[in-house]
Number of protein chains: 2
Amino acid sequence: MLSVDKALKIVMENVRTIERIDSVGLDSANGRVLAEDIFSDIDMPPFNRSSMDGYAVISDDISNVPAELSIIEEIPAGHFPKKRIVRGTTAKIMTGAPVPEGADAVVMVENTESLKDSKVKILSKAKKGENISNRGEDVKKGDKILSRGILLRCQEISILATVGKYKVKVLSQPRVSILATGTELVEPDKIPSIGQIRNSNSYSLFAQCQSIGIKPEYLGIAIDDEADLREKIKKGLNYDVFLISGGISMGDYDFVPSILRDMDVKIEFEKVAIKPGKPVLFGTKDNTIVFGLPGNPVSTMVIYDIFVKPVLKKMSGDSVNFNFTGKAMIEKDFSRKKAERQEYIPVRVTRSGMEAGAMPVEFHGSADMMAITKANGLLIIPVGIDKINKGDICNVMWFSSTDPSYMPS
Amino acid sequence: MLSVDKALKIVMENVRTIERIDSVGLDSANGRVLAEDIFSDIDMPPFNRSSMDGYAVISDDISNVPAELSIIEEIPAGHFPKKRIVRGTTAKIMTGAPVPEGADAVVMVENTESLKDSKVKILSKAKKGENISNRGEDVKKGDKILSRGILLRCQEISILATVGKYKVKVLSQPRVSILATGTELVEPDKIPSIGQIRNSNSYSLFAQCQSIGIKPEYLGIAIDDEADLREKIKKGLNYDVFLISGGISMGDYDFVPSILRDMDVKIEFEKVAIKPGKPVLFGTKDNTIVFGLPGNPVSTMVIYDIFVKPVLKKMSGDSVNFNFTGKAMIEKDFSRKKAERQEYIPVRVTRSGMEAGAMPVEFHGSADMMAITKANGLLIIPVGIDKINKGDICNVMWFSSTDPSYMPS
């Protein structure tokens, strides 16, 4: 059976970054990927800037302290000095304000004493350049300061504001559609009859996409009837990514793969050596990526993290692997009969200093979402390993949809 | 000077979880805090459920294999069986479908062979209960399944859908206002004159709040003029949290603290032994939390992570400390002249297995946001430490606004 690593490789080889571009305001740019190079329209700092509240001086003037100087001007931030500092004079200056001509240092206000008659006593010497940030010291006008392809975080947004990019080109995010399949499914606002269950996969997938800033389109439930499935699948194939949950295992009523083939979807695989989630379908049609996700809720949630999230990230232009993984010491013996699949065991990961521990939660299989509410990550058991002893070091992956520091109560 | 820990303690003691409640749909519940206990309106599973595609059998009937059985019915998921299984008979059953009366095990389709005339050859024995999840095994109707106060992640949203909670009560998020102060400031869409700079703090704060799902109200720039400041501060005090950047250091033009006092804001502190960000004001008025943040961009960004984010999280009902921290080995000697403040040094944190390394980026002080674009976290240097040698183990904090696995290019 196809290994998780090989399957992921096939998936990622078939995914291209979306080429559409959006132009967004700074209040909508967080978490998006920059689609243009950004050049500075200003020097940074834009002038020789005081980095302290204090007095602008000629350093040679205060080589003996205390020294008395005459205050010839006050320069608040946002005001430009009108006078030149000459021997025996100073200007009171605020943090961020332009240093006046003539001055070559700023003495912190804490090292001065106000006197009468617009005079000040300077209590400490200053080196040339002290407490002054020179014009263009960080960035020169015309410098490229941010490159196409980077992720915009709060710090990059701060830079964009500083250089006047109040509208910025970012890569479009993938348009995602979600379809649930199964005659047994009813929507959450309905009372299930005997044999029916409420659709939950569409809503957990929706939340997982939302966690990375993508708002999918929900196409509803397709009953296990070929005509209905066909119509809804046709609709779903109009999106960049089409997520179908259910309808892909070996059951005779699972029409999804054959309809996809009929519609010229090139199916790359239908099964992966993974638990939970063995029956997972991946295919492409033109620029559309199609996932057939297992009907079981836990399987769907795990498969999203392993396969779908990296796809959405790559399509958004956001590089590499975004599942936060690490090593942890397992806190309970684990064994399994078969070791043919890479298995993901729900655990509570606790961290202390450089150490992490992973305690498996009680888990009744891939329909048992209740167990997953007690977990914050997954322990990864590779193919071929059938036993792990308490104290062994294993790989863990935090759930992608929440902060890795989160610990469920 | 007040230590970071003591300041944070003062802050957190003054913060209460917001008592307002929103009722939201499942598509808007992700990341919110549950404001009601949730009870199940169904058993889970809702019936004895097949966990495999296969054949529902009486286990005693196949104590000798191979055994031939007559297929009396097919049961897809979502359909209820009409017939009872008696000796010599079986029903073909799909994953998730109800197990028919009489049957006490399901044999996987992989361990069977189809025969003519609606017969099947069973190739392996089954234990009583094999591949059957019993009704109510995970949850019984009426059980409390989710408690008020928990964070809703994709798994909890799946549970809510399953028990029919398509509208759910969640705690309201804090209403946040942002005000920039400073005569030197112009908005990003303006060309700064000599001595002016563009406002960037409001936009980085906006992005930081957005990263935890909060959309603040931006009140614009108040020039350093008392009347204008007064009017805008009055407006800001109508929110749950009021963030003011600039206007709080020792400069004579910094009116903010005195205006806040005039308006009956109880100021708890105005200075913390932290670098960057020493001049940080914290106060309260009735149920409003007020922060005066330093005007320097890097200081504002860091102070948000240290003080503001925990406040917003606690107000949202989301427990403890949400900054992801860990230990890392410093990769370059570090020294400083004064060790009076807890210092946060921008670093690139790289992880490999259970080890992490932290490399300080070149940094020209708290206006140098360009340096921060190269970093993904902060190295924490405690008070009293003036030297760290390459190879020492230190505490690091990942930036709160991005995935901790993110590494800037």
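Which are the buried residues of helix 1 (residues 4-13) of chain B? That was my starting point, and I noted the ground rules before looking. This is a predicted model, in which local features need pLDDT of at least 70 and side-chain atom pairs count only at pLDDT 80 or more, while totals for chains, interfaces and linings use all residues. Residues are numbered from 1 along each chain as its sequence is written, and chains are lettered from A and ligands numbered from 1 in the order in which they are written.

**Helix 1 of chain B**

I found V4(B), A7(B) and V11(B) as the buried residues here. For me a residue is buried if 20 or more other C-beta atoms lie within 10 Å of its own, exposed if 12 or fewer, and partly exposed in between, with C-beta atoms placed from the backbone. Helices (H or I, at least four residues) and strands (E, at least two) are DSSP runs, numbered from the N terminus.

Next I looked up what covers the buried residues. The cover includes strand 18 (266-269), strand 19 (274-275), strand 20 (281-285), helix 6 (297-315) and strand 24 (342-352) of chain B.

I then followed helix 6 of chain B. Helix 1 and helix 6 of chain B pack at an angle of about 30°, with their axes 10 Å apart. Axes are lines fitted to C-alpha atoms, for helices over the stretch in contact, and angles run from 0 to 180 degrees between N-to-C directions. The two helices are therefore roughly parallel to each other (angles under 35 degrees count as roughly parallel, over 145 as roughly antiparallel, 65 to 115 as roughly perpendicular and the rest as oblique). Their crossing is right-handed; a crossing is left-handed if the near helix is turned anticlockwise from the far one by less than a right angle, and right-handed if clockwise.

From helix 1 of chain B, V4(B), L8(B), V11(B) and M12(B) meet I306(B), F307(B), P310(B), V311(B) and K314(B) of helix 6 of chain B. By class I get eight nonpolar, no polar and one charged for this contact. The classes: Ala, Val, Leu, Ile, Met, Phe, Trp, Tyr, Cys and Pro count as nonpolar, Asp, Glu, Lys and Arg as charged, and the others, Gly among them, as polar. Two residues are in contact if their C-beta atoms, placed from the backbone, lie within 7 Å.

**Between the chains**

I have 89 residues of chain B in contact with 88 residues of chain A. On the chain B side, helix 2 (154-162), strand 15 (197-198), helix 3, helix 6, strand 22 (325-330) and helix 7 (369-372) each supply at least two residues. Helix 2 of chain B gives the largest share of that side, eight residues. That side divides into 42 nonpolar, 33 polar and 14 charged residues.

Helix 2 (residues 154-162) of chain A packs with helix 3 (residues 201-211) of chain B at an angle of about 155°, axes 8 Å apart. That makes helix 2 of chain A roughly antiparallel to helix 3 of chain B. The crossing of this pair is right-handed. C154(A), Q155(A), I157(A), S158(A) and A161(A) meet Y203(B), S204(B), A207(B) and Q208(B).

I checked two cis peptide bonds in chain A. The bond from M44(A) to P45(A) has omega near -10°, and P45(A) lies in the loop between strand 2 and strand 3 (49-50) of chain A. The bond from K275(A) to P276(A) has omega near -5°.

Then positive phi. N131(A), which is not glycine, has phi near 60° and counts as buried, with 21 C-beta neighbours inside 10 Å. D117(B), also not glycine, has phi near 55° and is exposed, with 6 other C-beta atoms within 10 Å.

Last stop was G31(A), in the loop between strand 1 (21-25) and strand 2 (38-39) of chain A. G31(A) is buried, with 23 other C-beta atoms within 10 Å. Leaving aside its neighbours within four places in sequence, G31(A) is in contact with L152(A) and G213(A).
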